[in-house]
Amino acid sequence: MNLPELTVEDLARLRLQECQGTLIGGLKVACGLGISAEEFGYRMMMEQDIDWSRVAGNLERIAHIFYEHYQVTYGFGASLQVGIEGDTLRFNMPSISATAAGQLKHWRMSAKALDDLNRGFWRALTENAAITAQLEFGADRHTVAVRHD
């Protein structure tokens, strides 16, 4: 069998692709079972072994959790800007759906569904971590502003 030797860069690209594929594939199955994209995102956050009330209002901890999520899932690198100013944590990043366009096409899922999944993630924190999140999904950039309640 003649399989190619993979470089570190190849492996990083494949990990991103598989991570996005697992997330979007799970979303596809959930929607097929009648669970909305937003509800799937919400349940994903709530089913983890994380007590979101323990990070209540801790914008720095929330920044670390989602910084890792966005980097591992979408590989934004320096294009992901994260900062806390006063009582507001802000994530500014390239479009999630544009970044995952290949997997969205592969799974025949819409950009709106992926946006709704992300709304579900942040709804879980809004309801359980004493924050308010405002999401803006633009064609080229996505912004999430998180405020401590």
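1. A disulfide is here a pair of cysteine sulfur atoms within 2.5 Å, and by that cut-off the structure holds zero disulfides. Cys19 takes part in none, the nearest cysteine sulfur being that of Cys31 at 18 Å, which is too far for a bond. With buried set at under 20% relative accessible area, exposed at over 50% and partly exposed in between (1.4 Å probe, protein chains only), Cys19 is partly exposed at 27%, and Cys31 is partly exposed at 31%.

2. The model is predicted, so that local features need pLDDT of at least 70 and side-chain atom pairs count only at pLDDT 80 or more, whereas totals for chains, interfaces and linings use all residues. Residues are numbered from 1 along each chain as its sequence is written, and side-chain values use heavy atoms, with hydrogens and water left out.

3. Helices (H or I, at least four residues) and strands (E, at least two) are DSSP runs numbered from the N terminus. Helix α1 (residues 8-32) packs on helix α6 (residues 111-128) at about 95 degrees, with the axes 11 Å apart; the axes are lines fitted to C-alpha atoms, for helices over the stretch in contact, and angles run from 0 to 180 degrees between N-to-C directions. That makes the pair roughly perpendicular, a class that spans 65 to 115 degrees, beside roughly parallel under 35, roughly antiparallel over 145 and oblique for the rest. Contact meaning heavy atoms within 4.5 Å, α1 contributes Leu23, Ile24 and Leu27, and α6 contributes Ala113, Leu114, Leu117 and Phe121.

4. A nonpolar core is a set of buried Ala, Val, Leu, Ile, Met, Phe, Trp, Tyr and Cys residues joined through side-chain atoms within 4.5 Å. The largest one has 37 residues, of which Phe66, Tyr70, Phe91, Leu114, Trp122 and Leu125 touch the most other members; at least two residues come from each of α1, α2 (37-47), α3 (59-74), β2 (88-94), α6 and β4 (141-148). Beyond its neighbours within four places in sequence, Trp122 has contacts that include Ile62, Phe66, Tyr70, Phe91 and Val144.

5. In α2 the buried residues are Ala37, Phe40, Gly41, Tyr42 and Met45, and they pack against α1, α3 and α6.

6. Arg108, in the loop between α5 (101-106) and α6, has a positive phi near 55 degrees although the residue is not glycine, and is exposed at 66% relative accessibility. Ala130, in the loop between α6 and β3 (131-137), also has a positive phi near 55 degrees, and is partly exposed at 33%.
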